[in-house]
Amino acid sequence: MARTPHSVSDVMTQTVVAIGQDARFKEIVETMEQWQVSALPVLAGEGRVIGVVSEADLLPKEEFRDEEADLLQQSHRLEALRKAGALTAGDLMSAPALTVHAGDAIAQAARTMAQRSVKRLPVVDAQGMLQGIVSRSDLLKVFLRSDEDLAAEVRTEIVDRLFTEHPKEVRVAVTDGVVALHGRIRDRALLPLVARLVRAVEGVVDVTFDAGADGEPGAEEEPPPPDDSAT
């Protein structure tokens, strides 16, 4: 069974196109076009990430080309207006750079991208030196894991460990990333825990249950919360 990709290092791209802070506007555009990327890390010294230049940082140059643009509109977008007159990466970049570390969880990187509305993040070490880059498409690679691989992990890492006395009474099937647990689950209070653990497996889309508490088949359902009132 392939090792579960848990951290950014498992999915990031190590070959990264970057530029120095003195890179000129046209050089930045040409580099983006050549490598088919929409953003570039900006480096200082021997490779420390100090910012990122994206297409959004470059567009004001075109947006404010008309010198007769509405002055009130310009006053409300002073930062964009400043970038419209910038010539180098150091002046154009968004800083400080939003970054992640190789050991960060994939879910953490995904939350950062979603919350900050960015498409990719430079990966840096403890000193801020560039190690790679991770994109939205990289984070989605976990969903390319085969159903067989997911089933094997759910079986060995969750079912066999939680149901040590009767592990074979719970069957695992995976279709298109959706894990279905069938069979006899004696203690239904475990269902919420099982669901949480299965959903935490990288590549799992969802989990369903078809199990009776006393061995009788039950309708496929989401796991119910524990019954605290039971005696």
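Student: What does buried mean here?
Tutor: Buried means under 20% relative accessible area. The model is predicted.

Student: Which residues of helix 9 are buried?
Tutor: Asp149, Leu150, Ala151, Glu153, Val154, Ile158 and Val159.

Student: And what do the buried residues of helix 9 pack against?
Tutor: Strand 7 (170-175), strand 8 (178-184) and helix 10 (191-199).

Student: Where is the kink in helix 9 centred?
Tutor: On Arg155, with a kink of about 35°.

Student: What span should helix 9 have, and how far apart are its end C-alpha atoms?
Tutor: Helix 9 covers residues 147-162, and its 16 residues at 1.5 Å each should span 22 Å. The end C-alpha atoms are 21 Å apart, which agrees.

Student: Back to Arg155. Which side chain does Arg155 meet in a salt bridge?
Tutor: That of Asp160, at 3.2 Å from N to O. Arg155 is partly exposed at 21% relative accessible area, and Asp160 is partly exposed at 30%.

Student: What about Arg161? Which residue forms a salt bridge with Arg161?
Tutor: Glu157, with the closest N and O atoms 3.1 Å apart. Both residues lie in helix 9, 4 residues apart, about one turn of the helix. Arg161 is exposed at 57%, whereas Glu157 is partly exposed at 36%.

Student: Which residues do salt bridges that share partners join into one network?
Tutor: Arg145, Asp149 and Glu153.

Student: Changing topic: what is the strand order in the open sheet of 3 strands?
Tutor: The order is 1-2-3, with mixed pairing. Strand 1 (19-20) and strand 3 (48-54) are the edge strands.

Student: Which helix packs on the sheet?
Tutor: Helix 1 (residues 25-35), touching strand 1, strand 2 and strand 3. The direction of helix 1 makes about 125° with that of strand 2.

Key
Residues numbered from 1 in each chain as written. Predicted model: local features only at pLDDT ≥ 70, side-chain atom pairs only at ≥ 80, totals over all residues. Heavy atoms only, no water. Pairing = 2+ DSSP bridges. Helix = DSSP H or I, 4+ residues; strand = E, 2+ residues; numbered from the N terminus. Contact = heavy atoms within 4.5 Å. Axes fitted to C-alpha atoms, helices over the stretch in contact; angles between N-to-C directions. Expected span 1.5 Å × (residues − 1). Bend = angle between axes of the 7 residues up to and from the residue. Buried < 20%, exposed > 50% of the residue type's maximum accessible area, 1.4 Å probe, protein only. Salt bridge = Lys/Arg side-chain N within 4 Å of Asp/Glu carboxyl O.
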